[in-house]
Amino acid sequence: MAIQVINDKCRGCKLCVKACPFDAIDMVGKLAVINEKCTACAQCIAACPFDAIEQTTSDEGPVDLSAYKDVWVYTEQRAGKLMNVALELLGEGSKLANEIGDRKVCALLIGHETDHLIPELYAYGADVVYQIDDPLLKNYTTDGYAKVMTDAIREFKPEIVLFGATHIGRDLAPRVAARLDTGLTADCTRLDVNTGNYINYLNKYTTLDTSGMDPNSDDKNLKQTRPAFGGNIMATIICPKKRPQMSTVRPGVMSKLEKDPSRTGELIKVNHSLSKSDIRTEVVEVVKAAKELVSLTDAEIICSGGRGLGDPSGFELIKKLADTVGGVVGSSRAAVDAGWIDHSHQVGQTGTTVKPKIYFACGISGAIQHLAGMQTSDLIIAINKDPDAPIFEVADYGIVGDLYKVVPKIIEEWNRVKEEHNK
Amino acid sequence: MALKIIVCAKQVPDTNEVKIDPVKNTLIREGVPSILNHDDANALEEALKIKDQYPDTHITVVTMGPPQAKDLLIECMAMGADEGILLSDRALGGSDTWATSNAIAAAVNKIGDYDLIFAGRQAIDGDTAQVGPQVAEKLGLPQVTYVKEFSINGKEVTVKRALEDGYELIKIQLPCVLTAIKELNTPRYMSIGGIYDAVKADIKVWGAKELELDLNTVGLEASPTNVFRSFTPAPKGKGIMLDKDTVEENAHALLEMLQEKYIIA
């Protein structure tokens with residue numbers, strides 16, 4: 001796929017130059033010319049009023065992909081505990097397996113002494129558990145896990161492999177994809193096989209024109225949607241010529257299935273040829289930080305503070321609000337950069353992506369990176385001095401004012417409502 | 001100790017400066033500056049710290065991009081790098097991470113003599129964090145990503161690798177690939193003398209031919225992943241601004257609305 005300018009139709013209006021996120025269009029005289037920065041994102045096609053830009057597909061026929069079946073989820077465990085995202089991906093994997101039809105969702109469980117996790121994997125939707133067990137796999141190592149996983153994928157040929165976009169998933173997945181010479185899409189927030197569902201999503205949440213797309217298309221490629229460019233645009237990526245199709249998926253975005261302890265499945269113990277010399281790193285120790293753990297992704301209510309707090313003591317008020325409403329404390333990048341609060345509280349593109357039921361933004365102006373990490377919250381309440389702050393663009397309720405005056409009143413009112421209810 | 005270090009860096013648009021046109025719902029790119037990617041600056045800084053300690057250290061910065069990415073190499077050299085190599089060729093354009101790592105690995109092999117490769121964890125325009133590990137894979141080297149502390153003793157490197165809720169302490173032998181995060185250090189500024197020397201420096205430009213690349217392994221057509229569609233999300237409908245006269249009334253009105261929506265009992 002490549003982007004081409006149809007020279008006869010180009011009028012030199014430069015709208016495409018402005019629309020291009022990657023600065024990939026130059027004007028040569030009165031003609032737009034695509035340069036090597038082009039990533040084929042197709043923003044220019046939508047921007048061109050003269051239909052003078054087209055996307056070409058290569059005429060290379062697809063290779064036989066039918067040997068690849070089933071949806072695999074790398075069910076990441078650490079110290080014998082499954083990561084939440086692993087269960088979320090079993091839910092998403094079940095959905096995709098249904099959309100393709102006649103496919104199983106399979107958990108790939110790598111580690112040592114992991115038998116106790118198998119019933120949980122079945123309960124959350126795994127039809128099959130592929131287990132790779134060895135003392136050498138007790139701790140995660142890139143070399144050890146990449147080797148056994150690549151060998152298993154070569155042997156069993158899954159069509160799709162999903163990883164949580166954790167620090168481990170994002171270390172392992174690119175290594176495996178490169179060894180298999182297949183594509184990998186990072187940090188996905190939506191996955192579709194069914195074209196009709198994908199079109200419904202586009203129609204509901206985007207301004208993209210979908211009139212040229214066929215909802216009954218038999219295209220079974222995995223459409224992997226992710227934020228790019230600092231969250232400013234969304235891109236849907238496909239991997240049409242290689243298998244498996246691989247994605248890392250943001251924690252907290254997909255939904256788990258309802259836990260069903262009566263469910264069971266098939267266990268396949270996978271042989272492997274890992275030896276000590278394959279592993280070239282030595283994990284001396286794994287240290288859990290002693291600091292208070294904030295699970296922003298699991299929180300139903302998040303109370304965040306930003307630069308508008310003025311100084312670190314402002315987080316005491318935010319904590320008080322959080323305690324009142326039963327939430328956890330979040331922050332903007334500005335407050336983290338100022339050293340007022342630990343990075344683990346940061347919401348946004350470079351921090352944690354959150355989708356709570358209620359998000360309080362106190363003294364947060366709403367930089368695009370922050371918005372990218374919280375704007376899908378069910379309800380956003382913003383308090384800011386500046387009436388023009390971008391946070392009000394995404395807020396459901398906005399109050400312009402000094403947060404040090406407004407927040408204590410909200411705490412007061414919240415307590416009053418609670419007390420009345422308890423009477 | 002005379003180490004030879006290769007730093008992989010990328011010139012990126014400063015995505016902090018990008019805004020969305022509220023009417024047309026499109027990106028406003030005008031006036032957005034190109035910068036040295038943040039994590040890559042941390043990677044370079046760590047290499048420079050090694051050079052501070054062992055002045056015989058030689059640092060080569062490799063970047064891939066259009067001709068103007070030369071500016072990034074000048075910036076890196078003004079910070080203290082010894083050499084800059086630009087991989088630039090129409091044939092490399094549109095490469096995804098798989099194809100990009102093929103080109104960078106070819107450049108590393110052409111350089112040949114190296115002990116350590118440092119890259120940033122991820123670039124702010126793509127946020128994939130895939131190129132570092134994929135370069136390591138193509139070169140057959142061990143890797144550690146998310147490096148937040150680094151020390152070196154002879155051929156042995158000890159690093160702390162950040163996890164979501166702590167860290168791993170890892171030992172690894174040279175040669176290897178490490179990817180840096182911002183907790184690793186604070187990048188230095190360019191020096192005046194450095195800028196003066198850097199603008200006069202000879203920067204090598206290598207294309208697909210110099211890299212002896214198979215054209216089926218680089219560029220848009222060879223990339224396993226393609227962009228199928230891209231779009232800006234529809235802006236959410238405008239919310240309600242509470243503009244009563246007093247703070248008390250506003251707080252009261254907010255809670256009333258939350259009650260109406262059964263958000264709080």
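## Strands, cores and cysteines of a predicted model

In strand S20(A), Phe360(A) is the bridge partner of Cys303(A). The model is predicted, so local features need pLDDT of at least 70 and side-chain atom pairs count only at pLDDT 80 or more, while totals for chains, interfaces and linings use all residues. Residues are numbered from 1 along each chain as its sequence is written, chains are lettered from A and ligands numbered from 1 in the order in which they are written, and side-chain values use heavy atoms, with hydrogens and water left out.

Helices (H or I, at least four residues) and strands (E, at least two) are DSSP runs, numbered from the N terminus. Two strands pair if DSSP finds at least two bridges between them.

| Strand | Partner | Bridges |
|---|---|---|
| S18(A), residues 301-305 | S20(A), residues 358-362 | five |
| S18(A), residues 301-305 | S19(A), residues 328-331 | four |
| S5(A), residues 71-74 | S8(A), residues 105-111 | four |

Five of the five residues of S18(A) are buried (under 20% relative accessible area with a 1.4 Å probe, protein chains only; exposed is over 50%, partly exposed in between). Ile301(A), Cys303(A) and Gly305(A) point one way from S18(A), and Ile302(A) and Ser304(A) point the other way. Together with helix H8(A), residues 314-325, S18(A) and S19(A) form a right-handed β-α-β unit: with the strands pointing away from the viewer, the path from the first strand over the helix to the second runs clockwise.

**A seven-strand sheet.** Chain A also holds an open sheet of seven strands in the order S11-S15-S10-S5-S8-S9-S16, with parallel pairing. Its edge strands, S11 (184-188) and S16 (266-269), each pair on one side only. Within this sheet, Val73(A) has Ala107(A) of S8(A) as its bridge partner.

**Nonpolar cores.** A nonpolar core is a set of buried Ala, Val, Leu, Ile, Met, Phe, Trp, Tyr and Cys residues joined through side-chain atoms within 4.5 Å. The largest has 40 residues, and Leu44(B) and Phe118(B) are among those that touch the most other members. Apart from it lies another core of 36 residues, including Phe315(A) and Ile410(A).

**Cysteines.** Zero disulfides are found over all chains, a disulfide being a pair of cysteine sulfur atoms within 2.5 Å. For Cys20(A), the nearest cysteine sulfur, that of Cys41(A), is 6.0 Å away. Cys20(A) is buried, with a relative accessible area of 8%.
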